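Reader: Please take a close look at one part of this model for me: the place where the two chains meet. Give me one connected account.

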Protein chains: 2
Amino acid sequence: MRDVSIIGVGMTPVGEHYETSLRRLALQAVRAAFADSGTTGAAALFVGNALGGQLSKQEHLGALLADYAGMTGVEAARVDAGEASGGAALRQGYIAVASGAVDRAVVVGVEQVTDQTQETRLAAMLGLTDREHEGAQGVVPAAIGGLLMRRYLHEYGVALESFEGFSINAHANGARNPNAMYRNTLEPGHFARAPMVADPVNLFDIAPEGDGAAAVILAPTEYARDWVPLPVRIAGSALATDALPLHDRSSLLTLAAVKLAVGRALEQAGVGINDIDLIELHDAFTVLAALQLEMVGLAAPGEGWKLAAEGAISLDGRAPISTFGGLKSRGNPFGATGVYQAVEVALQVRGQAGANQVPGARRGLALNLGGAGATAAAHVLERLE
Amino acid sequence: MRDVSIIGVGMTPVGEHYETSLRRLALQAVRAAFADSGTTGAAALFVGNALGGQLSKQEHLGALLADYAGMTGVEAARVDAGEASGGAALRQGYIAVASGAVDRAVVVGVEQVTDQTQETRLAAMLGLTDREHEGAQGVVPAAIGGLLMRRYLHEYGVALESFEGFSINAHANGARNPNAMYRNTLEPGHFARAPMVADPVNLFDIAPEGDGAAAVILAPTEYARDWVPLPVRIAGSALATDALPLHDRSSLLTLAAVKLAVGRALEQAGVGINDIDLIELHDAFTVLAALQLEMVGLAAPGEGWKLAAEGAISLDGRAPISTFGGLKSRGNPFGATGVYQAVEVALQVRGQAGANQVPGARRGLALNLGGAGATAAAHVLERLE
């Protein structure tokens, strides 16, 4: 396989873009990524999107967005893996360029979900669970988070407040990110007073859904430097799955797909987890953040929350996460989230993260989950020296 | 890139499977394909599906079906390109194996659309068009077919009855296929008396939507013969796009994506269109069949229908198409159609097409369209000698 690099990144702010259609959001991100790369045109477009069919009533986004972005004729397809659609689309783009099938590919993640009634949006989100066994009972993703968190509290005997460090860190970082959806900071104590969403998940445990689009341009590393001064090498790429319904997992507190995907991506990159300078992980729920830190080997089972409590996850800590606010503060535009993560890691390792810069960051991990770990897409991105 | 072959094929009958869920249909096809290959297990699963989100309210089919098929942990994603989702999923599976990223991949196309009211189904199908410009006006896919056909009749001055040969051929072949949805034959004269669906498209011009699933197992050609006596080599694979909305195309009667995709697939295979023994093309409408024959170079513009009128498209003609009934008689399970086509071409070049066998078939083309040509997936399959 050919070595592949990211030569351009772009994104829109995450928010409630009532005035901007799904296709226009995607276009803005693609244009920004091309501008960043200084190149125009690509041979393929992979679209990460989760709910465009149910909410915008628009399928077939590959051809639609390729044409709308002025890339008529190119190879194009939409990739769906629930909330991991962005990471899965990045994986397809990576493979396409790595294989030699195409020389330059655009990956865009896009989601338009807020211009709906709460009822419509929640009904669509039931489709992100196992519809027959979970969704049919009204188990929305927030309830899945509640089940996981309840089990974590029970199994490890920790207090609900143990998770507040994740939200405080996310908002501290998001407050400095002009593309973040909620730029307020949280102080210790806010968390304990937050209203419940799906007991024990409170308003500060769960990430807000938002509209947005992010894009990256991929090219063979061999040529990357001809185009841009700071290519970001995809040193490792992997996608793995686990049972979508929680009842089919051997343990609620083991994210098997995360272990598999991160393990493979690190192995491909030839590095260990301690060689990773930052992680954009999938903090749709604080408990998911804790579990991911445990699965990647940065904390023992039941102790992921301690990294947050100790401040290890802050920008200058030993394990920075959610450096632009994560899903919690930057916002969670489902099928776009995985591409936002890649853009953010790329900016970090390029040293262009501004007020959110992790000092000396050279290598980062983008970890995008769908279905609370049913799909895990892991990408190790590093500065091309 | 590594050379890739199909080492197993499987499918369910196409029909109204009210009693069988989407996941169970997919499972049946995957099991049949594994059984055909004599192998078990694969490292990746690519799912072609168009309307599962809107109609079954189930997203995230990659992880869901991987787990349901006993492939927990594997790389998995759903690929959507409207009615070309099956062909696009095959393309992703091909690239994944060709790249070396995975050693064995399953591609399954699945669709469950009939257990719905006509109103619900038509509303979902609006999402297969450009929703903002076509769907919003109530322009369902049948109406798109009507616009194309009206233009064809006008531009080339041919009569509506000129197209009946396509339907007669499809039903003659489908009548012998136990997996076909409508196994009745059509006689000359039936066509002229058929009720209108979307003037001038009549009931015999348009393919029926159906439920079904089809699957193929892909492996490197290098190892294919270790597993099966009759591997089918993917000699050429390509995916191309065109504008989804008809108003953005330079000509309604030019399917630019078909030209691009078929041209690339033939070039990769190192053959010309006259080296192709049969074509499973996308006869969702008779006019689309005529246009595809013109685009691939088997007929001059405006003369595609003549191949049907002359009988050239029958099993023993010089350009056999829809050899198992095509979309018209076998049925059109949207996102599964492209994989059915691949299975049917594979059976033909393996010499296992039974009563539908094209004499001496060694090489065939699977041509799957979405959005009336907005996406075209072309695969040249040949018997591995």
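**Where the chains meet**

Author: In this predicted model, B:Ser99 is the residue of chain B that comes closest to the rotation axis, with its C-alpha at 2.0 Å. Start from that axis. Chain B superposes on chain A by a rotation of 180° with 0.0 Å of shift along the axis, at an RMSD of 0.0 Å. The two copies are therefore related as by a two-fold rotation axis.

Now the contact itself. Chain A gives 53 residues to it, and chain B gives 53 residues. On the side of chain B that touches chain A, the elements that give two or more residues are α2 (52-55), α3 (61-68), β3 (75-80), α4 (85-99), β8 (232-241) and α9 (256-269) of chain B. By class, this side of chain B has 24 nonpolar, 18 polar and eleven charged residues. Of the interface residues of chain B, 98% are also interface residues in chain A, so the copies meet through the same surface.

Strand β3 (residues 75-80) of chain A pairs with β3(B) in the antiparallel sense, over three bridges. There, A:Arg78 stands opposite B:Asp80 of β3(B).

Next, helix α9. In chain B, α9 (256-269) is among the elements that give two or more residues to the contact. Its counterpart in name, α9 (residues 256-269) of chain A, has 14 residues, which at 1.5 Å a residue should span 20 Å; the end C-alpha atoms are 20 Å apart, which agrees. Ten of the 14 residues of α9(A) are buried, so this helix is largely enclosed by the rest of the structure. The buried residues include A:Val258, A:Leu260, A:Val262 and A:Leu266. The buried residues of α9(A) pack against β8 (232-241), α10 (286-295), β10 (363-370) and β11 (375-383) of chain A. Just after α9(A), A:Gly270 takes a positive phi of about 70°.

Last, the core. In soluble globular proteins, nonpolar side chains tend to be buried together. Here the largest nonpolar core has 292 residues. The residues with the most contacts inside this core are A:Val108, B:Val108 and B:Val216. Take B:Val216 as an example. Leaving out residues up to four places away in sequence, B:Val216 touches B:Ile6, B:Gly8, B:Val9, B:Ala33, B:Leu90, B:Val107, B:Val339, B:Ala342, B:Val343 and B:Ala346. One of these, B:Leu90, falls within α4 (85-99) of chain B, an element that gives two or more residues to the side touching chain A.

Key
Residues are numbered from 1 along each chain as its sequence is written. Chains are lettered from A and ligands numbered from 1 in the order in which they are written. This is a predicted model: local features need pLDDT of at least 70, side-chain atom pairs count only at pLDDT 80 or more; totals for chains, interfaces and linings use all residues. Two residues are in contact if their C-beta atoms, placed from the backbone, lie within 7 Å. Helices (H or I, at least four residues) and strands (E, at least two) are DSSP runs, numbered from the N terminus. Ala, Val, Leu, Ile, Met, Phe, Trp, Tyr, Cys and Pro count as nonpolar, Asp, Glu, Lys and Arg as charged, and the others, Gly among them, as polar. Two strands pair if DSSP finds at least two bridges between them. A nonpolar core is a set of buried Ala, Val, Leu, Ile, Met, Phe, Trp, Tyr and Cys residues joined through C-beta atoms within 7 Å. A residue is buried if 20 or more other C-beta atoms lie within 10 Å of its own, exposed if 12 or fewer, and partly exposed in between; C-beta atoms are placed from the backbone. Copies are superposed by least squares on the C-alpha atoms of residues with pLDDT of at least 70 in both. The expected span of a helix is 1.5 Å times one less than its number of residues.
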